[in-house]
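Here is my note on the model you sent.

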Amino acid sequence: MNPWCRPGERWGHQLCGNTQGRVVAKKRPTDRKLAADEHVPIPAHLRPRPALHYELEKKPEHGVLWVLRSLTPGLNYLTKRYSRRWLRADGIAGVAVAAYLIPQVMAYSAIVNVPPVASLWAALAAIVAYVVLGSSRILSSGPESTIALMTGVAIAPLAGQNPDRAVALSATLALIVAGWALLARLLRAGIIAQLLSTPLLVGYLAGGAVLMVVGQLGRVTGTSFEGGTIVEEVRGFLGVATSTDWLTLAVAASTLAVILLLRWLSPSLPGPLIAVVLATVASVVFDLESHGVAVVGQVPSGLPVPHLPEVTLEDVKMLLLAGLGITIVGYSDIMLIARGFPLAPAEGETAADLRPDPQAELVAMAGVHALVGAFSGYPVSASGSRTALAIAGGARSQLYSLVAGLCIVAVLFFAGPLMAPLPWAALGAVVFYAAGKLVSIPEFRRLWRFRRREFMLGVITLVGTVVIGILQGVVLAIALSLLEMLYRLVRPHEGVLGRVPGVAGMHDVADYPDARTIPGCIFYRYDAPLFFANIDDLRERVAKLIAIENEAYPDSPVRWLVLNVEANVELDITATDGLRELARELADRGIHLGLARVKNDVYQPLERAGVIDVIGKEMLFATLPVAEQSYLRWALAHEPAQPTETPVQAIEDEPAGSSLPWHRPESDDEPAEGRDPDRGH
């Protein structure tokens, strides 16, 4: 029963109140639509049945085995559901990913200022942990450029130029990220992945690319300069640019040229690996080190013994905020890649079976960083390029990651001496290549075409990240996201509703040029939850709306205003106070305030706040047609008798000139005349 209906009264397509004084006779349905009171015969197997009590947040029974399975979805899948026919495809994809991963992550060590072997330690630990704990069957976990840049910026003031201290600090930062991720999981804070909207991520990644390029200028030119901010670094580089070592620059340029050429000739080839191998061979053949080209030098073989890094409590305190920023950006990146690179379902599976679990990914993130920190690595994330490469290679499960991990083990134990003559300039060129892939001009164009405000958010984030720094850029991006969300709630879309020839129901009159409204009654929709920040805006818009209507139709002034509260799913006490005052203000002007499509979740707070006592239960309506008919009966009772017909009949007698918005001819990218492209509709 409708919460405000009294016993013996009906609701739905009939009014709760008095039904005497029928306005219209029943009319046969037209070809266009059924009349409002026509019933469709329902066969027995489609008759309504009792609704269930849907407890979407209900937790299952927690047995020990269930907990273990829920904490290790990756391992559970490989041991229970893996198909042996995928072995060959996973093996080939794993080798291809390793060929791309190894030089890529070694290049990131230049960003963090740790030895290249630390990148391999981090990559191996991340792979092993994610295979066990991760919920995505295809995500490539490991070092990633943006997180490496954030790590490098965070530890640089504490590490100085000491690589050993940089390793300890970066491992500490990984453990801090593990702690933040675990805390987020305990608080069920998977929503943090949604704090960075698409425009902000596009701008943030582009800004990070600029910082990556500037950070490698010294390595690719063979120069050295000081600088804390990007402005100081650019100024410092310009001061020593005339001292560029041209041989070092040639090595970097040649390496980048080889990568781009191979990318153009055959995208499937591991361009970075081939270019790094060629640079290493050239370094040995031409003895580039003796000619002033900096090389990696001795690389430790094997794996470190798991241990806690030796740092002070003060170091930990200094890295806490940076760890929070890395957790937010890293988790957002993981979820975006996991959702953006879906694996094709196998036989008997659906897309829902492959969907990553946000809460499980927080556990995986905590476990990955705990293992990475124990093995002297630095914070990691997920790689979109490596994930795409795995899919292109035919990978079907995380077994491809284990194959890539075996390749890393082989390099760690047998190929250490081979990496010693690798020029740092070649790794800098790989970073340049990775930075270029972070800047997406098509994405900026897409934002521009979609909505100008989205484009400006991306540009502001880009500039902010470059000017104020990578960590501060994360805070700026999140703040902009929250401000944008608040703006949409405080100044939401609105609509006056009316009837449209040939289209059933009531619709926003702004969408249909031949829409019709009922004299003396306004049906209005305010598309946002009502709370303290927007209730005054609602009252102002209602006042302007009534003024416009009365000015346009002075012979039939507004007597009813029906607010469609279907979208007003939440109300706070300030909003209920505002609605009560609005009802009184309208009553003083002789205007009745009604509420249509009132759900119980809205009715209860309105009743507790005394709004229902002011409005009256007779002004609450289950549907818009009910409110429409009620107004017509009221209007007829307060004016001389006139020939009558329903709004449906009146509209049906007119030619159907409208079409649904999605049936109209396509237009160009420019917004329609008179419509604000930055208004949500």
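1. Start with helix α21, residues 535-552, where Val-542 lies. This is a predicted model. Is Val-542 buried or exposed? Its relative accessibility is 1%. Buried means under 20% relative accessible area, so Val-542 counts as buried.

2. Which residues does Val-542 touch, leaving out those up to four places away in sequence? They are Tyr-524, Leu-561, Leu-582 and Leu-586. Take Tyr-524, one of these contacts. Tyr-524 and Val-542 are 18 residues apart along the chain, and 8.4 Å separates their C-alpha atoms.

3. Now turn to helix α11, which spans residues 271-285 and includes Val-285. Val-285 has a relative accessible area of 59%. The cut-off for exposed is over 50%, so this valine is exposed. Val-542, by contrast, is buried.

4. Val-285 also belongs to a nonpolar patch on the surface.

5. A word on confidence. The protein chain has an average pLDDT of 82, and 82% of the residues score at least 70. Residues 6-38 fall below 50. Even there, the model has 48 contacts beyond near neighbours in sequence.

6. A further stretch with pLDDT under 50 covers residues 667-675. How many contacts does the model have for this stretch beyond four places in sequence? The count is 6.

Note on methods
Residues are numbered from 1 along each chain as its sequence is written. This is a predicted model: local features need pLDDT of at least 70, side-chain atom pairs count only at pLDDT 80 or more; totals for chains, interfaces and linings use all residues. Side-chain values use heavy atoms; hydrogens and water are left out. pLDDT is the predictor's confidence in each residue, from 0 to 100. Contact means heavy atoms within 4.5 Å. Patches are made of residues with over 30% relative accessible area and no salt bridge: like charges are joined within 9 Å, nonpolar side chains (Val, Leu, Ile, Met, Phe, Trp, Tyr) within 5 Å. Accessible areas come from the Shrake-Rupley method with a 1.4 Å probe; for residues, only the protein chains shown count as cover. A salt bridge is a side-chain nitrogen of Lys or Arg within 4 Å of a carboxyl oxygen of Asp or Glu. Helices (H or I, at least four residues) and strands (E, at least two) are DSSP runs, numbered from the N terminus. Buried means under 20% relative accessible area, exposed over 50%, partly exposed in between (1.4 Å probe, protein chains only).
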